[in-house]
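Biologist: Hi! Could you walk me through this one? I have a few quick questions.

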Amino acid sequence: MRRLRPHVNPDKADTMRRRDFLLGLGSATAWAGAAPALAAPLWPTPVKGRARVVVIGGGFGGATAAKALRLLSGNTIDVTLVEPNPAFVSSPLSNLVVGGNLRVSDLTVSYDRLVARHGIVWRRTRASAIDAANKWVQLAGGGRLPYDKVIVAPGVSLRRDAIAGLSDPAIRDALPVAWTDARESAALHARLQAMPDGGVFAVTIPEAPFRCPPAPYERACQAAAWLKRYKPRAKVLIFDANDQVLAEAEQFHEVWRTQFAGIVEYHPQFNCTDVAIDGAKQMARFELGEEIRADVLNVIPPMRAGDIAVESGLATANGHWCDVDFLTFASKAQPDVHILGDAIQIAPQMPKSGHMANQHGKVCAAAIVATLSGRLVNPEPLYSNTCYTFVSATEAMHVASVHRYDAAQHTMLPVPGTGGASPRATRDEFALGLAWAQGIWADTLA
């Protein structure tokens, strides 16, 4: 894949770059280690009575669940997907947009094939409330959807109020977070382009848990790689509220030491509490009174379950995350409500990631089909996860894990001897990361 240069017009060179990217994805589709395709089962289980399932949210978890419900029931469950966005935009790989290597359009996949191929009804609107007592979903702008089961896959919401100033409209516009909306990644790259050579890009990382543990460090690498090429006197400062790098720590420190020496500085135990704009500089303050000024400041705030989950009383873990039964993803707060993906209170060592949400969707759909057809739910579900981290325009690494249900502890636990991380970032892993993206987008949306 060729590097996307800033301000390149859609001429022949740019067309070739995009063609190389797409061909690279297509040629790698056969590699299925990260996200095996969800094929129609040999023996789908019909559900009598045309049960109705409403799926709120068309991300990795919700879209996968909607597809799996139709496949596993032999198309006998009526599935309605409530998703306001016109297309799926992948958060995984969005840091490649920050680093100037991809465009948001490269991460965008239509819902049309999911809907047409699997007979899913798509309501392009937002769910505003869930009435669990009467079993209906209220739609924004009016209208209700009755359900027998509802799946809530709302992703995360940013807790902007946890950082003073971050909710101010002027600061919101000036400091794109680029975490819950991958389209903001292009705005963040534009800030890097406008930054003076010799300037400072600073990223602040909240305390865990948050969506995609390796992603803030990956973002710092992508910014550093672009600045090293185009503005070599610039600096990248990482201020982490945690006491250490949360994923692939040894590998990240090696990348910073070898590829970005003199560019990247890592500072643990710096919890951002306040942001402000002072002239041309953007300012962050930390809980012990430290203060930094940057030309481009990327403040990643703490997170919680998406709004619909919190407002519906489903966030029973500290008011931020949703407790579920990991056999079925049934909410522990409301009957016939299932919750997927980043919104849940995670099990030990289970990351909040797109791949994991995809796994949640399949397990949840299988459990719902079993319940509605009078069969036993699988007592030992197994989830896998792979996260690829792109540290430059040519190299990547990954971390993987496998999780199995533990009946004694009523939770998912890592399977001993499985998973692990790349020893280092390589060009081969970059190609595999692109293959993973192509595979999981098809698995979720095709």
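Biologist: Is Pro44 buried, partly exposed or exposed?

Modeller: Keep in mind that this is a predicted model. In it, Pro44 is partly exposed, because its relative accessible area is 33%, which falls between the 20% and 50% cut-offs.

Biologist: Thanks! Where is Pro44 found, and what is Pro44 in contact with?

Modeller: Pro44 is in the loop between α1 (12–27) and β1 (52–56). Setting aside neighbours within four places in sequence, Pro44 is in contact with Leu71, Leu72, Ser73 and Gly74.

Biologist: New topic: how many aromatic pairs are there?

Modeller: The count comes to 15. One of them is Tyr217 with Trp256, a tilted pair at 6.5 Å centre to centre with 50° between the planes.

Biologist: Which parts does the pair of Tyr217 and Trp256 tie together?

Modeller: Tyr217 lies in helix α7 (residues 215–230) and Trp256 in helix α8 (residues 249–258), so the pair joins parts 39 residues apart in sequence. Tyr217 is buried at 0% relative accessibility, and Trp256 is buried at 5%.

Biologist: Which aromatic cluster is Tyr217 in?

Modeller: Tyr217 forms one with Phe252, Trp256 and Tyr266.

Biologist: And what about Phe239 and Phe286?

Modeller: They form a tilted pair too, 5.0 Å centre to centre, with 35° between the planes. Phe239 is in strand β12 (residues 235–240) and Phe286 in strand β15 (residues 281–286), 47 residues apart.

Biologist: Last one: which residue lies over the face of Trp136, and which over Trp321?

Modeller: Arg144 lies over Trp136, 3.9 Å from the ring centre. For Trp321 the residue is Lys352, at 3.8 Å from the ring centre.

Conventions:
Residues are numbered from 1 along each chain as its sequence is written. This is a predicted model: local features need pLDDT of at least 70, side-chain atom pairs count only at pLDDT 80 or more; totals for chains, interfaces and linings use all residues. Side-chain values use heavy atoms; hydrogens and water are left out. Helices (H or I, at least four residues) and strands (E, at least two) are DSSP runs, numbered from the N terminus. Buried means under 20% relative accessible area, exposed over 50%, partly exposed in between (1.4 Å probe, protein chains only). Contact means heavy atoms within 4.5 Å. Rings of Phe, Tyr and Trp (its six-membered ring) pair if their centres lie within 6.5 Å; planes under 30 degrees apart count as stacked, over 60 as edge-to-face and the rest as tilted. A charge sits over a ring if NZ of Lys or CZ of Arg is within 6 Å of the ring centre and within 35 degrees of the ring normal.
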